[in-house]
Amino acid sequence: MLGGNSSTLAFVNSFRPDGQNVTARLLPIAWTPVGVVIGEDGQNLAIPLDGVVDWVDRTFAPEDERSFIAPMRDIELLARVEWQAPQPKRLDEAAIINIDDLPEDVAEGLANPPAPIVQCGACRRLSVRGEFLWKDRQLCAWDYHAQVFGKRGPWREGAYHERHFATLPSCAYVAAALLAQLDVEVILALDGIEEAAARTVVNALLEAEPQRAHLAVRTAGKGIRVLRERT
């Protein structure tokens with residue numbers, strides 16, 4: 001691993017030059033509220049062998065708080081001996097010889113399957129495709145929480161009717177830390193419950209607090225979360 005920052009990881013599997021260049025593989029990386037996700041699609045970049053160290057230093061500048069690089073002396077040594085290894089079918093901990101040089105959250109992200117990475121339609125932050133969709137826009141977790149669970153979200157008082165359950169917001173997960181910034185809390189979490197029973201439980205809770213605004217949302221695995229603004 002050569003280095004990484006808030007949007008990209010770069011690695012090489014060979015310092016044996018093709019002509020004067022070596023090929024670096026660049027992968028997108030998404031820093032989500034539940035951990036790091038490595039992109040499944042990347043691109044190759046030809047870098048002059050004698051300029052690898054300078055390229056790493058420029059690309060992963062310290063101004064990016066998530067930036068990290070491999071020790072320069074290690075890169076120079078591997079380049080000098082023209083180290084190479086087979087291109088890994090999947091980039092994981094076993095495929096990286098300097099895994100200890102990676103931040104812990106990046107190393108943990110490599111243990112999970114790669115995923116398609118896209119840009120948020122609001123802030124351009126990288127996120128996992130399909131996890132947070134709202135009004136046909138791909139959003140990151142931060143913008144989805146702010147738009148859907150914020151003041152202008154689909155909050156309502158009283159029980160949900162059939163049409164309300166049919167159009168509940170849906171996302172991969174609800175992040176407690178992001179809800180806290182909105183003064184919102186989860187007051188009910190249901191997973192693996194048959195739909196009719198889940199609706200009964202949700203409405204029993206909503207009917208018990210008819211004067212409070214609530215918001216129900218579907219999460220991955222057929223889950224339902226009921227949210228309420230903090231008093």
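**Exercise 1. In this predicted model, describe the lining of the second largest pocket: which residues lie nearest its centre, and which elements give two or more residues to it?**

Step 1. The lining of the second largest pocket consists of 16 residues. Nearest the centre lie Leu27, Glu40, Lys89, Arg90 and Leu91.

Step 2. Two or more residues of this lining come from strand E3 (21-32) and from helix H3 (104-110).

Step 3. Sorted by class, the lining has eight nonpolar, four polar and four charged residues.

Step 4. The space in the second largest pocket is about 220 Å³.

**Exercise 2. Give the volume of the largest pocket and state how the residues of its lining divide by class.**

Step 1. The largest pocket holds about 310 Å³ of space.

Step 2. Its lining has 20 residues, and Met1, Val12, Trp83, Ile97 and Asn98 are the closest to the centre.

Step 3. Helix H2 (residues 72-80) supplies the largest share of this lining, with three residues.

Step 4. By class there are 16 nonpolar, two polar and two charged residues.

**Exercise 3. Classify the aromatic pair of Phe132 and Tyr173, and explain why it ties together parts that are apart in sequence.**

Step 1. Seven aromatic pairs are found in a search of the whole structure. A pair of this kind is described by the distance between ring centres and the angle between ring planes.

Step 2. For Phe132 and Tyr173 the ring centres are 5.0 Å apart and the planes stand at 90°. An angle over 60 degrees counts as edge-to-face, so the pair of Phe132 and Tyr173 is edge-to-face.

Step 3. Phe132 sits in the loop between strand E8 (126-128) and strand E9 (133-134). Tyr173 sits in the loop between helix H5 (162-166) and helix H6 (176-181). The pair therefore ties together parts that are 41 residues apart in sequence.

Methods. Residues are numbered from 1 along each chain as its sequence is written. This is a predicted model: local features need pLDDT of at least 70, side-chain atom pairs count only at pLDDT 80 or more; totals for chains, interfaces and linings use all residues. Side-chain values use heavy atoms; hydrogens and water are left out. On a 1 Å grid over the protein atoms alone, a cavity is a set of points where a 1.4 Å probe fits but cannot get out, and a pocket is an open set with protein on both sides within 12 Å along at least five of seven lines; lining residues have an atom within 4 Å of a point. Grid points are joined across faces, edges and corners, and a volume is the space filled by probe spheres set on the points. Helices (H or I, at least four residues) and strands (E, at least two) are DSSP runs, numbered from the N terminus. Ala, Val, Leu, Ile, Met, Phe, Trp, Tyr, Cys and Pro count as nonpolar, Asp, Glu, Lys and Arg as charged, and the others, Gly among them, as polar. Rings of Phe, Tyr and Trp (its six-membered ring) pair if their centres lie within 6.5 Å; planes under 30 degrees apart count as stacked, over 60 as edge-to-face and the rest as tilted.
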